[in-house]
Amino acid sequence: MKSSIMVRVKQKQIAQLVSIGKRLDGRGLSDYREVQLEVGVVGRAEGSARVRLGKTEVMVGTKIELGEPFLDVPDQGVLTVNAELVPLASPTFEPGPPDENSIELARIVDRGIRESKAIALEELCVEPGKKVFVIFVDVYVLNHDGNLIDASALAALAALLNTKMFNYEVKEGQIEVKPGYTPLPIKNYPIAVTFAKIDDKLIADPWLEEEQVMDARITITTDKDGEICAVQKGGYGSFTTQQITEAAKIAKEKGEELRKLVVKG
Amino acid sequence: MSQKKPEKLIDENDVRLDGRGLNELRPIKIDVGVLGNADGSAYIEHGKNKILAAVYGPKEAHPKHLAIPDRALLRCRYHMAPFSVEERKSPAPSRREIELSKVITESLESAVFVDYYPRTSIDTFIEVLQADGGTRCAAITVASLALADAGIPMRGLVAACAAGKVEGRLVLDLTDLEDKGGEADLPLAWVPNLNTIALLQMDGSLTIDEFEKVVNMALEGCKQIHALQKETLKAKYVTVKEEAEE
C-alpha cells in the first residue's frame, strides 16, 4: 500500500481509537461485521455461496471434473483453489493474470481446506493412478472492503457444503452417469479468523480503512475440534509471541461462532 | 531417483533419521560476500539446503511508477533452480514461489530502514540450488545477511527456523521427509533486536497448547541461527579490517 497523507491522517485517528478499545465503525476490537450467507446462488455450478462480511462481498463456485491424480497420491481426488480479484471489486484491482495478492489469498483458503482434511479426497478416486475427480474452488471477489481472507474461506466452505456430485458407476473403466446427486464428502469445517495489528493491539476482521493503516495481519484457521490447521502472517510489520498466542485463543472462539453460521445442526 | 519412504521418522529413543535429537538443528554453514557483482551476497548450507542470496541496491526503482515517495521499494524474489528438487521444477515462478516471495519480502521489510532511501528499490534475489525442507527459513536467514553485507541499514538481522510435529512429537527444523510425513510444520522468522516475529506460517494440525510450544521451540532455533549469523558477519569484517590495516 502506498503511503499517502490521507492514510497517515487516518492512521492517527484509527490508532487513537484502537488504543481506547474503539473502532471507527463502532465495533469492539474482536467483533466481526455482520455476516450474510447465501448458498446455491449459481445454478450452473456444482456448488456455490455468496458471503457478505459488512460491505466485503465474495462469491465462490465449485466445479467438478474428471482428471488425473498427482503422482505422489495416486488414489486421491484433487483440490484446486483459485482466487480472482476481479477489477469490478475495487479501484486497486487490475485485469490480468493473478498477482501475488490473489495467489496468496487462494493459497490461504486452500491450506485451510487441505490441512483440516475437510474433503475426503480418498473417496473421490475413480481409478487409482488414472482417473480421479478434481474439485475446482473458484473464489470471486465482488467487492473489496477488507478481510478478503475470512470472507473467502467462509464462502469456500459454504460452497463445498453446497456441492452436489452426480451419481455414477464405473463399467469397464468408463464412467456411467446415474440419476440423482449426492453431497460432496465433507469431514471437517475449517474457519479462518484474521487480525490486524494496529498500534500494538489486535483487531479482528479489519475492514479496508483498517487494513490500509495496519502494521501486519495474522490469519489463524481452526478446525471443528478447535485445533489450529493453518496460519499465515502478512504485512510488513511483526508480532510479539504474546500477541500470537492471544490471536490463537480468540481465533478458536470466533471460529466456533462463525462455524455455526455455515454448518447447521 | 526417488527417496524410499522409511517406516519411522523418529525411533523409540527420540532419535531422528539423520541422527538428530528432537530439538536439534541441522548443521549450518554460512558465508557472506560470495558473489562479485552484487552489492551484497551470502550463501547458506542448512542441512542439505543450499541457497544463494544477492542484493542489488538501493538504486533507482524500475519501472518508475513503482517508486514510493517516502521509502524504498524492497523486492524479494524466491526462486528454485530446476535441479534443486527430486523432479525437475519448471523454471517459471510457481504459485508457491510467488507466495513465498511475498511473505519473505514482508518479513525482511520489518527489519530494514526502508524510509532511509525514498524512491529507490532494493532488490534481493534468492536462488535455492538444492532443497530439503525449510527453504523459506534458510532463505530469510541468508537474505538478511546479504542485506547486511550490502550495507543496508537495518534494525537487526532476521533469523528463521521451522518447528513442527512429527509422529506425535514436537521437533525443531524439519527436513523434507519429516515435513511430508509429519503432522505439522511451522516456519517462523524472528527479529532478535526487536524480539518480534516477522514471519509465521503453519500447516497441519496442532492444539493451541502445542502451537504455543512449537512457536517457542522455533524461537529457540532462531536464537542459535542468529548467533551463527553474527559470528559469520564478524569473522568477515574482522578480516577486512585486518587487511585494511596492513
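**Group meeting: a helix pair and a chain interface**

So, helix 2 of chain A and helix 3 of chain A are oblique to each other, oblique being what's left once angles under 35 degrees (roughly parallel), over 145 (roughly antiparallel) and 65 to 115 (roughly perpendicular) are taken out. Quick housekeeping: this is a predicted model, where local features need pLDDT of at least 70, side-chain atom pairs count only at pLDDT 80 or more, and totals for chains, interfaces and linings use all residues. Residues are numbered from 1 along each chain as its sequence is written, with chains lettered from A and ligands numbered from 1 in the order written.

Back to the helices, which are DSSP H or I runs of at least four residues, while strands are E runs of at least two, numbered from the N terminus. Helix 2 (residues 100-115) and helix 3 (residues 148-161) of chain A pack at about 45 degrees, axes 10 Å apart; axes are lines fitted to C-alpha atoms over the stretch in contact, and angles run from 0 to 180 degrees between N-to-C directions. Helix 2 of chain A contributes Leu105(A), Ile108(A), Val109(A), Gly112(A) and Ile113(A) to the contact, and among the partners from helix 3 of chain A are Leu148(A) and Ala156(A). In contact means C-beta atoms, placed from the backbone, within 7 Å.

Now the interface: 30 residues of chain B contact 29 of chain A. Strand 9 of chain B gives the largest share of chain B's side, 11 residues. That strand also pairs with strand 12 (residues 228-234) of chain A, antiparallel, over four bridges; pairing needs at least two DSSP bridges. There, Ile228(A) sits opposite Leu206(B).

Key:
Two residues are in contact if their C-beta atoms, placed from the backbone, lie within 7 Å.
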